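The following note sets out numbered comments for a colleague who has the model at hand. Please read each point beside the structure.

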Amino acid sequence: MFTGVMANTWIAATAVAIIAGVTGFFAVLRGSTFAAHAIPNGAFAGAAGASLLGLNPFAGLAVFSVAGALGIAGLSRRSRSDVATALTFVLMLGIGALFVSWSNQYAQEAYSLLFGEVFGVSTDEVLPILGIGALSIAAIIVMFRPLMLSSALPEVAAARGVPPRRMELAFLLVMALATSMTVPVVGALLMFSLMIGPAAAARSLTARPVLAMALSVVIALVTVWTGIMASYQSNWPLGFFVGILGAVFFLAGRGYAAARRRLAIRPA
Amino acid sequence: MTSDLLTLDHVGVRLGGRDILRDVSFGIRPGQFTGLIGPNGAGKTTLLKVILGLQPVTAGQVLIDGQPRSPRDTSIGYVPQKLGIEPDIPLRVRDVVSLGLDGHKFGLRLPSKTRRELVSDMLTAVGAQRYADARVGELSGGEQQRVMIAHALISQPKLLLLDEPLANLDISSEQGIVSVLARLARAEQVAVLLSAHDMNPLMPYMDRIVYVAAGRVAVGDTDEVVQPEVLSRLYGQHVDVIRVHGRILVVAAPEGVDEAEAAAEDAGVMR
Amino acid sequence: MQYVFEPGFFTSGPVHVALAVGTVIAITSAVVGVFTVTRGQSFAGHSLADIATTGGSGAFLIGVNQFWGYLAFGAGAAAFMEMIGIQRRRGRDVATGVVLGAALGLAALFLYLGTQYSTTTGASFTILFGSIFVLTPSTVPALIVSALLALATVVALARVLLLTSLSPDIAAARGVPVRAVGAAFLMALAVSVALSAVIIGAVLSTALLIGPAATALRLAKSPVRAVITAAGLGVLAIWLGILLAYDSFYWPPAGRGWPVSFFVVTLIVGGYLVTYLHRDRRPHQNPEQQNIDAEQACSPA
């Protein structure tokens, strides 16, 4: 299970989990659950189009994801944010559906782009994933303090010269780049599960930001690795395990937090 | 007391281990304009919610026309403090006022000339006629205030409650709103209970004052209630009442005043 | 003219059914959508659509028509969401997100298992992206009845919903059972989502719900006009979508037509963009309002 083709899978999946843990931490902090759901679907359209038109797949992915992020940010200026996100989301999916319908394997392709196809990762796909992933993490490290400030205390950040709207756009763009690479592996619909579940669980366990982010990554890694093993054994889709495990960890985190509160209230 | 429109009888509200309101008793008669005055956090909003039935009491009772309040009581109109209306909500000003008549009812209703005229008259009465067809979400705070007053008054309530209507207005809008309110209240014989942290804009119109501080109230005419000894007792600390240029300021004692001395002085004057 | 209406369009049976059913569903979706957007429940509507995906996949697995799956899971999710209640907004969004993740994971599994055991090709695509030209005739009465029920519910609740959006406190003070009304609305929303899922797919049904409504809210000022405009836009999108999809049957590259859902979604979002880009004059714009706009723009959730 660990050799040859599978080696690529493990490397790619590990990179995906790290990216998901880091971006997911901020997505949960900023309450950007809906955006986290919507943005990877730009990559869905990009991947479908790219494979069809024989374009460089990663260019296609990146372009569409970034377009999605810009669309959400742009529409949010004059509409409610949830409306902007919903409309961008469906447009990306609709275009993706069109591209997919042109291929001969349309049902299979739709399925794998949305729910993940981890076992088809080739060697020349691993490198761009690692590359873009590293770039996204670097971007977040550079932006870390203003991003934390504008996420937790937006008015204070604005007063200190960190414009909230620009920060939001920057964050969406990083999320777009990061998730664009991961969509062919985990799937557009499930990438967000990997971002939100582990990060939400981590927040229930600790309030300290760097520790929470590290825990997000750890939980995401555990989720993905467990998922790969289970998927390998059962042939069931990876997306299923990611979704279910994400929920399990989230509930476990909540349970832990509730138990800790109860123990704290009881007299020593 | 039984001729009172509204009676609060030893009302207490306890939330989260704190007594927000304690032993509050007063009555409001038809047509009276009453100011509910007090500093922020004193319990004014809680008191209004108690009267509206939105906040259960932990002691005492609220009586409307001598009877306990029933859930669908429409004899009390309400203008909340901050509405937070979304700009795209599909309601014009005249739609909002129309909802004042039947917004709480289920089912379809056909347009009627009578209703249109009622709405129009109400809009003119509050001075909102010129923006009757504008989206309510696009109005300024003061304009929205007028619309909500029209909304509350159109169903002809016997009592109108307003929660801090002056809080977000500039001075000229303040005066406009209060005079409109007072005029309408007299015309329609509607009692008004209006909460504020500054009583001065209301002075020309208030019949009575209910002063709230630290969860307790002092009720009566302004001259009776706004006195240092009454308010000091209420606040539980020494306060001064300063009258300057016809305006009243309630201030906490300055540093350096001997508290014991001030208390003894007050004690000598207390009835 | 021949190029706009390809031969056979007006006589085709499936087209007739598609137009009729599509019209009813588009109207229902648009009307429910106006209240959904006004109440700020777009994300809830989208979540119900994703959970409906699970239902549709599950139905496919056990060999039942998708609509019942969409409906059962959607209604169940609505009831569950109502039970959890209205808590702190951010906490609720994350919880909803996690539930969505699990639901979509299940959908992945059901679709996988379903394709293992059945011979229908393109099932995944149909569930995800709709199949208005191949509606199962036996479900049509159920679709129409459900649509009318959802419409009737929302119309009966219209005034109360508007009053609650204006001020939940005023509504409660006047004796409106705010919580029960919210629950009833959520059910109507679930039904509406299930219906749209049948014609343009579960993951895209949000378009029919939100798009025409959001566009109408930019154009119309009064509730009646907003609802009529939304319905009109939804119907227009469906008709044009059906026409274009029919016309596209021989278009490259695949020779089996472009998906209806693609056309419908693109038309809807395109229509919204037209109204969005047209600079609207706001005569009463004031600094307070601009601050609120800026605040809203800062945090896409």
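In the hairpin of S9(B) and S10(B), which residue takes a positive phi?

1. The residue is B:Ala214, whose phi is near 50 degrees, in a hairpin with two residues between the strands. The model is a predicted one, and this value, like those below, should be read accordingly.

2. B:Gln156 has a positive phi near 55 degrees and is not a glycine. The loop that holds B:Gln156 runs between helix H4 (141-153) and strand S7 (159-162) of chain B. B:Gln189 is placed in the loop between helix H5 (171-188) and S8 of chain B. With 10 other C-beta atoms within 10 Å, B:Gln189 is exposed.

3. Chain B has an open sheet of six strands in the order S6-S7-S8-S3-S9-S10, and the pairing is mixed. At its edges stand strand S6 (76-79) and strand S10 (216-220) of chain B; each has a single partner strand, so one side of each has no neighbour in the sheet. On average, neighbouring strands of this sheet are turned by 15 degrees against each other, direction ignored.

4. The pairing around strand S3 can be followed residue by residue. Strand S3 (residues 33-37) of chain B runs parallel to strand S8 (residues 191-196) of chain B, and five bridges join them. On the S8(B) side, B:Ala196 is the bridge partner of B:Ile37. S3(B) also pairs with S9(B), in the parallel sense and over four bridges. There, B:Tyr211 in S9(B) is the bridge partner of B:Ile37. B:Tyr211 in turn has B:Ala218 as its bridge partner in S10(B). S9(B) and S10(B) run antiparallel and are joined by five bridges.

5. Is strand S9 of chain B mostly covered or mostly open? Strand S9 (residues 208-213) of chain B is mostly covered, with five of its six residues buried.

6. A second sheet in chain B is open and has four strands, in the order S2-S1-S4-S5, with antiparallel pairing. Strand S2 (18-28) and strand S5 (67-68) of chain B are the edge strands, each pairing on one side only. Strand S1 (residues 6-15) of chain B is joined to strand S4 (residues 59-64) of chain B by five bridges, and these two strands run antiparallel. Within this pair, B:Asp9 stands opposite B:Gln61 in S4(B).

7. Strand S1 of chain B also contains B:Thr7. Why is B:Thr7 counted as buried? B:Thr7 is buried because 20 other C-beta atoms lie within 10 Å, and 20 or more is the condition for that class. B:Thr7 and B:Glu229 are 222 residues apart in sequence, while their C-alpha atoms are 26 Å apart in space.

8. Chain A and chain B do not touch, their nearest C-alpha atoms being 9 Å apart. The contact between chains B and C takes 33 residues from chain B and 32 residues from chain C. Helix H2 (residues 93-102) of chain B supplies the largest share of the chain B side, four residues. That side divides into 17 nonpolar, seven polar and nine charged residues.

9. The largest nonpolar core has 283 residues, and A:Phe44, A:Leu87 and C:Val34 touch the most other members. Helix H5 (residues 81-102) of chain A gives the most to this core, 15 residues. Beyond its neighbours within four places in sequence, A:Phe44 is in contact with residues including A:Met92, A:Leu93, A:Gly96 and A:Val183.

Key:
Residues numbered from 1 in each chain as written. Chains lettered and ligands numbered in written order. Predicted model: local features only at pLDDT ≥ 70, side-chain atom pairs only at ≥ 80, totals over all residues. Core = buried A, V, L, I, M, F, W, Y, C linked by C-beta atoms within 7 Å. Buried ≥ 20, exposed ≤ 12 C-beta atoms within 10 Å, placed from the backbone. Contact = placed C-beta atoms within 7 Å. Pairing = 2+ DSSP bridges. Axes fitted to C-alpha atoms, helices over the stretch in contact; angles between N-to-C directions. Nonpolar A, V, L, I, M, F, W, Y, C, P; charged D, E, K, R; others polar.
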